[in-house]
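Please look over the sequence and structure before reading on.

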2 protein chains.
Amino acid sequence: MAGMNTDLLIRLRQALLFERLHTIPELSRTLSTSFPTIKKHLDLLIEHGEVDEEDSDVSSGGRPAKRYRSRADHTHGLALYLELDAIGYRIFDAVGTLLTNGTESVPRKHPHVPALVRLIHRLLAQDPRITFLSVGVAASVEDGKVFFAPDYPSLQQVDLKQTLESEFHLPVVVENDMNAAVVGFHEADQNRQQSLIYLYLGKNGPGSGILINGQLVRGSSHFAGEISVVPQYDKMTFGQAIANRQTTLDVRTIDAISRLTATFAATLNPHLLIFNSAEVTASDLEQIRTTTARYIPETHIPRLVRSNWETDYLNGLTRLGLQLQTEQPIKGTST
Amino acid sequence: MAGMNTDLLIRLRQALLFERLHTIPELSRTLSTSFPTIKKHLDLLIEHGEVDEEDSDVSSGGRPAKRYRSRADHTHGLALYLELDAIGYRIFDAVGTLLTNGTESVPRKHPHVPALVRLIHRLLAQDPRITFLSVGVAASVEDGKVFFAPDYPSLQQVDLKQTLESEFHLPVVVENDMNAAVVGFHEADQNRQQSLIYLYLGKNGPGSGILINGQLVRGSSHFAGEISVVPQYDKMTFGQAIANRQTTLDVRTIDAISRLTATFAATLNPHLLIFNSAEVTASDLEQIRTTTARYIPETHIPRLVRSNWETDYLNGLTRLGLQLQTEQPIKGTST
DNA sequence: AGTACTTATTAAAATATTTTAAAAAGTAGA
DNA sequence: TCTACTTTTTAAAATATTTTAATAAGTACT
């Protein structure tokens, strides 16, 4: 353990896991640290069972570099997401691969926290290798504390992170659902565009997750992304304009979404606007694009894409959990 | 020069100049570097004439720390801002204090670049201590290159940074006017709120500068902040809604601004919204606040403030110039 | 004024990191 | 298959940073 830079260990884990960097030269360049130092820290991670030395890379003209990879079986994580009458969960390995998932119903009007705690106890007993928790909820969250949860009165003002950490003695991350979704999409996106907005129309009103310059936008009073109240027409907000839509989107709804798209383009000008593929069809997207072009020049319209919201949400929770895991101090080795 | 970490030197300069940190313990904590290392690097800056050792601080219970300060007379900077028929300038010292300012008229329809180059030549001859340039322009700029400049056709697609750097062999920073203004306000703001938006109504259409999580938002196609085209009414954008306003703002204009305020609150939820005090009175602000409250809950309305746009703009250019200056490599000492 | 207590600074030793150079491991072409 | 070349890895020396402990410089109270 002597001579180890904790911060470098963390950045090393994150580079291996999230930035798809797997050779010492790559890591050395990106982390601007010399290869002897990288190698020394990598050796500790190997000794600790977190990283595996793989076969050599294909040569780029000279001696091929060895590849180092996070070991999938090093640890397990548990992601949970609260719904109105259920709690969904997913157990995954150290590289984020799904192992088990399921749902536990929660009777209507019953408080979520006790049900959550019971479920986690059961899952931990079932899989004792779980070492961190990630929780998603449709509420505004700051530092693991639930602030505003209109749909979950029993969660209001609950410090969920604190509660779960002292109950289970495991690191916990709690995040808003839209924020998790945008993180999840960003993670899976090959290009890793640095500014994207996830748009969710919703049954009980729309929401959005905003990622700018690679950072989540939370807002000064946890109100960022509450697009429902954006004024759009003489007498209607965005939320009102899309409230009466059917499954197939009508012209009025398309116009409202297009106005919102134009608004985002004229303020944040993001690379990407992501829609829930369950809510918006490919042809809707075409229409949104042409309608938006009535408001702003085509060049400035973000790329409009569809994605599976549930998948992105869960991937986001997984990603946030793994991120938390990389930040944990290394446990002392036998030496 | 042996044993000097260039990156640390830069961060040291920036902490002294911008973060109001002046003692070794403060610097050591903030830069998470040990005091011997801080002291060693500080000594180099002192030897180099960039920093002055001051009298001791007042005691906080024990031995008072010495205060270290950037020397105002170490170097001079020149900020220039392009207007339609003139170029304004300001010469300032190494801590940003104004030394000289003035304006040079440019005949209408004449290209700005040659006039700018001539003016800089004259000012450099007049004050040979100037070591860096900062240029502001009402156009979209990326990496010093002017992209879209409807008001300055002669600047379109000009790499102004490159042009000036090769002409004068001095470091140059070029920035959009609204971005400079929001940076300037942020710099002067005691609280240094991390998310703010500067709103400019303008004669030829409005604009805005957006700073989120401490970073400028530029957008994927340099279109961020182009609020003129935000759809707000059945048949009007923000730009159209405020186009016919008089000096005293009417109810319709107030409503349009309030809708924009609500839009920002419901998307970015910034701490602060800054208005040009030449365009908006204190009582206008009151009205905007109450009107905005018709659209969103009062708690989520950003703090609305008035500020002098010109001052903020120039302070922003000054700040960007000084920042550039801190990033310059140290010139070899006599040893 | 003197003493106990805080806090900053300095100096020396311990530790960590980088640089440099040599060795190892591959490819490609003669 | 040998040679020249490229790139990675290892090892040793040089350099940089941090830790530790001692010293200096103040305050507050008796």
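The model is predicted. In α6(A), the buried residues are Asp177(A), Met178(A), Asn179(A), Ala180(A), Ala181(A), Val182(A), Val183(A), Gly184(A), Phe185(A), His186(A) and Glu187(A). That makes 11 of its 12 residues, and α6(A) is mostly covered.

The geometry of α6 (residues 177-188) of chain A can be checked. At 1.5 Å a residue, its 12 residues should span 16 Å. The end C-alpha atoms lie 17 Å apart, which agrees.

Next, the cavity. The count is one cavity of 30 Å³ or more. The volume of the largest cavity is about 150 Å³. Its lining consists of Arg13(A), Leu17(A), Glu50(A), Val51(A), Ser70(A), Arg71(A), His74(A), Thr75(A), Ala94(A), Leu322(A), Gln325(A) and Thr326(A). Two or more of the lining residues come from each of α1 (6-18) and α10 (309-326) of chain A. α10(A) gives the most, with three residues.

The lining divides by class as follows.

| Class | Residues in the lining of the largest cavity |
|---|---|
| Nonpolar | four residues |
| Polar | five residues |

Where does the largest cavity lie relative to domain 1 and domain 2 of chain A? Domain 1 (6-70) and domain 2 (75-180 + 313-326) both give residues to its lining, so the cavity lies between them.

Conventions:
Residues numbered from 1 in each chain as written. Chains lettered and ligands numbered in written order. Predicted model: local features only at pLDDT ≥ 70, side-chain atom pairs only at ≥ 80, totals over all residues. Heavy atoms only, no water. Helix = DSSP H or I, 4+ residues; strand = E, 2+ residues; numbered from the N terminus. Expected span 1.5 Å × (residues − 1). Buried < 20%, exposed > 50% of the residue type's maximum accessible area, 1.4 Å probe, protein only. 1 Å grid on protein atoms, 1.4 Å probe; cavity = no way out; pocket = protein on both sides within 12 Å on 5 of 7 lines; lining within 4 Å. Points joined across faces, edges and corners; volume = space filled by probe spheres on them. Nonpolar A, V, L, I, M, F, W, Y, C, P; charged D, E, K, R; others polar. Domains from an automatic or database assignment.
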